[in-house]
Amino acid sequence: MSDLLERLRGRGWRLTAQRRVVAEVLNGDHVHYTADEVHAAAAERLPEISRATVYNTLGELVSLGEVIEVTTDGRAKRYDPNAHHAHQHLVCAKCGTIRDVHPSGDLLADLPPQERYGFAVSAVEVTYRGLCPDCAA
């Protein structure tokens, strides 16, 4: 589960009402909202919040490394608050639903030295694709 609010408090990030509501919307498991979805949910809690404020706040959170931008197949960017929990993504090829997954094993170690071509590999991003239960039905 995301601990975004606690991380932001720990950093001493100034939590205005607008920033707080954006962070609250992003808090949770399997959260991968678009900026427009964040804005809609934030506006339910704080009707005066502007789209620009949401976009700016999301940009700051990404710059701070507290939220990850996830882009799949040319769809709208989505924002993942689980920036400090190692995970990969499972994406529905039809509706775009994204779920966090935690494969076992060391994905970095699974890349043989001859396939690294001299790269000093520091991170691995894997996206699993398929159909979610709703789309497969």
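Guide: The accessible surface of the chain comes to about 8,200 Å², and 51% of that surface belongs to carbon and sulfur atoms. The model is a predicted one. Along its principal axes, the C-alpha trace spans about 55 × 40 × 25 Å.

Visitor: What makes up the secondary structure of the chain, and in which order do the elements run?

Guide: The chain has five helices and five strands. From the N terminus on, the order is α-α-α-α-β-β-β-β-β-α. Of the 137 residues, 33% count as buried.

Visitor: Why is Glu66 called buried?

Guide: Buried means under 20% relative accessible area. Glu66 has a relative accessible area of 3%, and is therefore buried. Glu66 is found in the loop between α4 and β1 (68-70).

Visitor: What makes the pairing of the side chains of Glu66 and Arg11 a polar contact?

Guide: The pair of N or O atoms must lie within 3.5 Å, one able to donate a hydrogen and the other to accept it. The side chains of Glu66 and Arg11 are joined at 2.7 Å, so the pair meets the distance limit and counts as a polar contact. A polar contact of 3.1 Å also joins the side chains of Glu66 and His84. Among the residues that Glu66 touches are Leu4, Arg7, Leu8 and Arg11.

Visitor: Which residues of α1 are buried, and how do you know that they lie on the same side of the helix?

Guide: In α1 (residues 4-11), the buried residues are Leu4, Leu5, Arg7 and Leu8. They cover an arc of only 160 degrees around the axis, which puts them on the same side of α1. An α-helix has 3.6 residues a turn, so residues three or four places apart point the same way. The buried residues of α1 pack against α2 (17-26) and α4 (51-63). After α1 comes Gly12, whose phi is positive, near 75 degrees.

Visitor: Which residues of α2 are buried, and against which elements do they pack?

Guide: Arg19, Val21, Val22, Ala23, Val25 and Leu26 are the buried residues of α2. They pack against α1, α3, α4 and β2. Just after α2, Gly28 takes a positive phi of about 140 degrees.

Visitor: Why does His39 count as buried?

Guide: His39 has 15% relative accessibility, which is under the limit of 20%, and therefore counts as buried. His39 is found in helix α3 (residues 35-45). Not counting residues up to four places away in sequence, His39 touches Ile49, Ser50, Arg51 and Val54. His39 and Val21 are 18 residues apart in sequence, and their C-alpha atoms are 9.6 Å apart in space.

Visitor: What makes His87 a buried residue, and where does His87 lie?

Guide: The relative accessibility of His87 is 12%; the limit is 20%, so His87 counts as buried. His87 lies in the loop between β2 (78-80) and β3 (88-92). The side chain of His87 makes a polar contact with the side chain of His89, at 3.3 Å. Its side chain makes a polar contact with the side chain of Asp100 as well, at 3.3 Å. Among the residues that His87 touches are Ile68, Asp80 and Asn82.

Visitor: How many positive and negative side chains does the chain have?

Guide: The chain has 15 positive and 19 negative side chains, and the centres of the two sets lie 4 Å apart.

Conventions. Residues are numbered from 1 along each chain as its sequence is written. This is a predicted model: local features need pLDDT of at least 70, side-chain atom pairs count only at pLDDT 80 or more; totals for chains, interfaces and linings use all residues. Side-chain values use heavy atoms; hydrogens and water are left out. Helices (H or I, at least four residues) and strands (E, at least two) are DSSP runs, numbered from the N terminus. Buried means under 20% relative accessible area, exposed over 50%, partly exposed in between (1.4 Å probe, protein chains only). Contact means heavy atoms within 4.5 Å. Accessible areas come from the Shrake-Rupley method with a 1.4 Å probe; for residues, only the protein chains shown count as cover. Lys and Arg count as positive and Asp and Glu as negative; His and the chain ends are not counted. The place of a charge is taken as NZ of Lys, CZ of Arg, CG of Asp or CD of Glu. The arc is that of the directions from the helix axis to the C-beta atoms.
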